[in-house]
Amino acid sequence: MPQATPAENSTGTTAGRSIALELLHIMRLPLRILLTGAAIAAVLGAGVALGLPGPEALFAAFAAPGATGLPALIGMMIFLIGIGFAAFLWWLAARSFALVANPAIGPERLAGLRDLPLALPEGTVRALLALIVGVIGLPLLLFSKTLGLTDAIAGYVNGIVTGVFGFYFGTRSTGADAQIARRATEQLTERERATGALAAEAEALRQKAEGAARDAALPGRIEATRGSLARHIEVAGIILDDFGPLLPKGMIPEGAAQALSTARDAAAALQGQKTGPEAEHALKTATDALAGLIGVQPLAPLLRAAASLLPAGTALGPIGAAATVIGLGWQFGAAEYQRWRARVLAAPFAPQLFDAGLITPSSAELRMESCPIFARAFKDVKARPGFFADLLSKIGQDDAGARLWAEYGADATRFPGGQAELEAGLEEFRAALLADLAARDATPEKIAAALAPLSPAPGTLPSTDQVNRLMDQAGKAGEDKPEVRAAFEALVMLTGHLRDRKLDPVGLMAEVMP
């Protein structure tokens with residue numbers, strides 16, 4: 001037969017000890033009762049052994065006719081019953097405190113136990129008081145005659161018992177509804193607490209998401225602000241440095257130079273910034289500097305000066321009319337831009353502006369009708385075959401005046417004012433031909449592209465005829481207002497600088513003149 005190992009013996013001993021302890025825990029209360037009864041029997045037995053009267057003698061003495069010991073016995077029994085109930089209440093309180101001491105009890109339940117009497121379940125104390133009154137009061141009523149109680153005392157006891165029982169059972173009859181309401185309130189409170197926690201969590205997540213989105217968008221915001229700063233710094237610098245001394249006094253807004261310096265410093269501080277608190281601070285500084293520069297941007301008074309020279313002309317108003325003229329100059333190609341500049345500035349004709357290949361003899365004949373000097377001087381020869389073709393070939397030359405004088409100057413009737421009259425007629429005819437060429441440059445597509453930064457409403461774009469009238473008026477307007485004319489011409493020259501830097505002046509106008 002195999003022998004058990006020490007580990008198996010130890011395991012068996014531990015199991016046996018656990019079973020013995022479990023049996024002792026189960027039998028502890030019955031053993032206490034038995035031992036208490038044995039102690040009481042031992043005391044009574046010792047008294048009898050010593051010759052003391054036993055319980056039967058005591059009860060016989062209480063029951064003897066005329067004996068007065070029975071009320072005292074009953075009073076003592078009532079006192080013992082009260083002591084028993086007090087012990088029972090103490091036992092209940094001890095169990096309740098042991099339950100509270102359990103670490104598994106949550107803080108919410110502990111908070112609820114603080115509002116209960118003796119930290120016992122609700123209704124325990126009321127039930128115990130009702131039980132005391134019932135256990136003591138009912139026997140007193142049943143044995144009131146035996147105890148010799150008067151009717152008044154019996155009535156008092158009856159009132160107490162009836163009042164306590166009526167209150168207790170009446171409260172219990174409505175307790176179910178109250179308990180349901182209380183539980184509903186507790187559940188509602190718990191849900192509100194849970195809802196509040198969820199709302200706080202959702203708010204925290206929202207703030208976190210907003211912070212993440214802000215951090216993700218920060219490089220883009222920095223780049224956009226840097227671009228806007230660069231555009232406005234470029235424009236303000238050109239106007240202040242190149243045109244400032246030439247402009248009329250008061251045309252440059254006060255504080256423009258300081259705002260430009262601040263914007264340049266802010267733009268330098270923004271270089272290399274990507275994310276983080278330092279980048280946020282640099283971006284805010286740059287945004288404030290940009291707003292300050294836009295507020296005193298010298299482009300605005302130049303635009304207002306140009307608008308004052310031009311009639312409204314279109315549905316976009318005076319500012320829109322000026323933006324149309326300037327925007328087309330920025331949109332045109334190189335040759336078109338040269339014609340535009342000479343047209344709006346009423347500049348002297350230059351041979352390189354005139355492309356004879358774009359003008360037919362027929363169109364030249366039509367344009368001569370609007371030129372009084374040449375129309376009178378050549379009325380007798382204009383019907384000659386090849387006349388206009390020959391004339392167009394001559395006027396495109398640098399020495400066109402000398403060539404024409406050599407051919408037609410001998411006839412004094414053609415140019416009574418001499419060569420000076422011929423030169424004046426030549427300029428007049430060249431201007432008419434240039435206007436014919438320039439009138440073809442402003443197409444609907446280029447007009448729409450020039451005004452796109454203003455986001456014009458549908459149907460408000462000017463027609464080509466309106467635009468050509470505006471350009472013709474721009475070349476003639478302001479002769480009686482030299483200061484305003486100087487501002488307009490500075491705006492035209494600024495357009496040339498912006499063409500070199502690829503900066504759309506109409507977009508800048510939309511920012512400074514919203």
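Which residues in α11 are buried? The points below take up this question and then turn to other parts of the chain.

1. Basis of the note. This is a predicted model, in which local features need pLDDT of at least 70 and side-chain atom pairs count only at pLDDT 80 or more, while totals for chains, interfaces and linings use all residues. Residues are numbered from 1 along each chain as its sequence is written, and side-chain values use heavy atoms, with hydrogens and water left out.

2. Overall make-up. The protein chain contains 20 helices and 0 strands. Helices (H or I, at least four residues) and strands (E, at least two) are DSSP runs, numbered from the N terminus. Of the 514 residues in the protein chain, 33% are buried. Buried means under 20% relative accessible area, exposed means over 50%, and partly exposed lies in between (1.4 Å probe, protein chains only). The accessible surface of the protein chain is about 30,400 Å², and 64% of this surface belongs to carbon and sulfur atoms. Accessible areas come from the Shrake-Rupley method with a 1.4 Å probe; for residues, only the protein chains shown count as cover.

3. Contacts along the sequence. Among contacts in the protein chain with a separation of 6 or more, 73% are between residues 24 or more positions apart. Contact means heavy atoms within 4.5 Å.

4. The buried residues of α11. The opening question can now be answered: E336, Y337, R339, W340, A342, R343 and V344 are buried in α11. The buried residues of this helix pack against α10 (317-331), α16 (419-439), α17, α18 and α19 (482-500). After α11 comes A346, whose phi is positive, near 50°.

5. The packing of α11 with α18. Two packed helices are described by the angle between their axes and the distance between the axes. For helix α11 (residues 334-344) and helix α18 (residues 464-476), the axes come within 7 Å and cross at roughly 55°. Axes are lines fitted to C-alpha atoms, for helices over the stretch in contact, and angles run from 0 to 180 degrees between N-to-C directions. The helices α11 and α18 are therefore oblique to each other. Angles under 35 degrees count as roughly parallel, over 145 as roughly antiparallel, 65 to 115 as roughly perpendicular and the rest as oblique.

6. The residues at this contact. From α11, W340, R343 and V344 meet N468, M471, D472, A474 and G475 of α18. By class, the contact of α11 with α18 has 4 nonpolar, 2 polar and 2 charged residues. Here Ala, Val, Leu, Ile, Met, Phe, Trp, Tyr, Cys and Pro count as nonpolar, Asp, Glu, Lys and Arg as charged, and the others, Gly among them, as polar.

7. A salt bridge is a side-chain nitrogen of Lys or Arg within 4 Å of a carboxyl oxygen of Asp or Glu. The pair links distant parts of the chain, with E336 in helix α11 and K446 in helix α17 (residues 444-451), 110 residues apart. E336 is buried, at a relative accessible area of 16%, whereas K446 is partly exposed, at 23%.

8. Further salt bridges. By this rule the count comes to 17 salt bridges. In one of them, the side chains of D288 and K284 meet at 3.2 Å, N to O. D288 and K284 are 4 residues apart in helix α8 (residues 277-295) and are therefore separated by about one helical turn. D288 is partly exposed, with a relative accessible area of 45%, and K284 is exposed, at 53%.

9. A salt bridge between loops. K382 and E369 also meet through their side chains in a salt bridge (3.2 Å, N to O). K382 lies in the loop between α13 (372-377) and α14 (387-395) and E369 in the loop between α12 (361-368) and α13, so the pair ties together parts that are 13 residues apart in sequence. K382 is partly exposed, with a relative accessible area of 24%. Salt bridges that share partners join D380, D411 and R414 into one network.

10. A buried threonine. T225 lies in helix α6 (residues 151-243) and counts as buried at 11% relative accessibility. Leaving aside its neighbours within four places in sequence, T225 is in contact with L270, L283, A286 and T287.

11. Positive phi in loops. Most residues other than glycine have a negative phi. S455, although not a glycine, has a positive phi of about 50°. S455 is found in the loop between α17 and α18 and is exposed, at 60% relative accessibility. Phi of K502 is also positive, near 60°. K502 is found in the loop between α19 and α20 (505-512) and is exposed, at 67% relative accessibility.
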